[in-house]
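Q: I have a structure open and would like to go through it piece by piece. Can we start with the pockets?

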Amino acid sequence: MGCRIMRAVVQRVKCSKVKVDGNIVGEIKKGFNVLLGISKNDTIEDAKYLKDKIINLRVFEDEDGKLNKSLKEVGGELLIVSQFTLYGDCRKGRRPNFMEALGGEEAKKLYLDFVNLCRQELDKVETGVFGAEMEVDIKNDGPVTLMIDSKKTF
């Protein structure tokens, strides 16, 4: 049985933007770029857990230069991009298997639920376009890049 967890790759950024057909559809300054993958068995509880974990991660510098402040505490912004390829299983062969990724309207609904949960807590939450071919510009800060999943496997 494969992994059945909501996954996020969280990158602390100085700025980030996402384009569709050459047009900017989402753009932030200081904050997090979040690539979000949703599996077949994910629920709203997984979305709530990830939202809470991400907005409260203490990876921004305090007055002493220590990673001690959260996105929420520094007034950071969030750019959330759907990323079903986070479920690419590369253990066999050379072509990733995406059987565990949730697709279609179910995935879109859970993605939008996650976005709306974040919007309830932060002033600025931007997104890409679910299911679209996107170009994502990320200016890493640090770099600080973390992987988080709702089942706490890593």
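Q: How much space lies in the largest pocket?
A: About 300 Å³. A pocket here is found on a 1 Å grid over the protein atoms alone, as an open set of points where a 1.4 Å probe fits, with protein on both sides within 12 Å along at least five of seven lines. Grid points are joined across faces, edges and corners, and the volume is the space filled by probe spheres set on the points.

Q: Before I go on, what kind of model is this?
A: This is a predicted model, in which local features need pLDDT of at least 70 and side-chain atom pairs count only at pLDDT 80 or more, while totals for chains, interfaces and linings use all residues. Residues are numbered from 1 along each chain as its sequence is written, and side-chain values use heavy atoms, with hydrogens and water left out.

Q: OK, back to the pocket. How many residues line it, and which lie nearest its centre?
A: The lining has 17 residues, and Ser82, Gln83, Phe84, Phe130 and Gly131 lie nearest the centre. A lining residue has an atom within 4 Å of a point.

Q: Which elements give two or more residues to that lining?
A: Strand β3 and helix α2 (104-119) do. α2 gives the most, with three residues. Helices (H or I, at least four residues) and strands (E, at least two) are DSSP runs, numbered from the N terminus.

Q: What is the lining like by class?
A: Ten residues are nonpolar, seven are polar and none is charged. For this count, Ala, Val, Leu, Ile, Met, Phe, Trp, Tyr, Cys and Pro are nonpolar, Asp, Glu, Lys and Arg are charged, and the others, Gly among them, are polar.

Q: New topic. How many aromatic pairs are there in the whole structure?
A: A search finds three. One of them is Phe32 with Phe60, a tilted pair at 5.2 Å centre to centre with 40 degrees between the planes. Rings of Phe, Tyr and Trp (its six-membered ring) pair if their centres lie within 6.5 Å; planes under 30 degrees apart are stacked, over 60 edge-to-face, and the rest tilted.

Q: Where do Phe32 and Phe60 lie?
A: Phe32 is in strand β3 (residues 31-37) and Phe60 is in strand β4 (residues 58-61), so the pair ties together parts that are 28 residues apart in sequence.

Q: Are those two buried or exposed?
A: Both Phe32 and Phe60 are buried. Buried means under 20% relative accessible area, exposed means over 50%, and partly exposed is in between (1.4 Å probe, protein chains only).

Q: What sits over the ring of Phe60?
A: The charged end of Arg12 does, 5.9 Å from the ring centre. The rule is that NZ of Lys or CZ of Arg is within 6 Å of the ring centre and within 35 degrees of the ring normal.

Q: And Asn33, what does its side chain contact?
A: The side chain of Asn33 has a polar contact of 2.8 Å with that of Ser16. Such a contact is a pair of N or O atoms within 3.5 Å; within protein, one must be able to donate a hydrogen and the other to accept it, and residues adjacent in sequence count only if both atoms are side-chain atoms. Asn33 is in strand β3.

Q: Why does Asn33 count as buried?
A: Because its relative accessibility is 0%.

Q: Now the backbone. Which peptide bond is cis?
A: The bond from Gly142 to Pro143 is cis, with omega near -5 degrees. Pro143 is in strand β8 (residues 135-149).

Q: What about Asp21, what is its phi?
A: Asp21 has a positive phi of about 55 degrees although it is not a glycine. Asp21 lies in the loop between β1 (7-20) and β2 (23-28), and counts as exposed at 73% relative accessibility.

Q: Last one. How far apart in space are Asp141 and Val13?
A: They are 4.6 Å apart, C-alpha to C-alpha, and 128 residues apart in sequence. Asp141 lies in strand β8 and is buried, with a relative accessible area of 16%.
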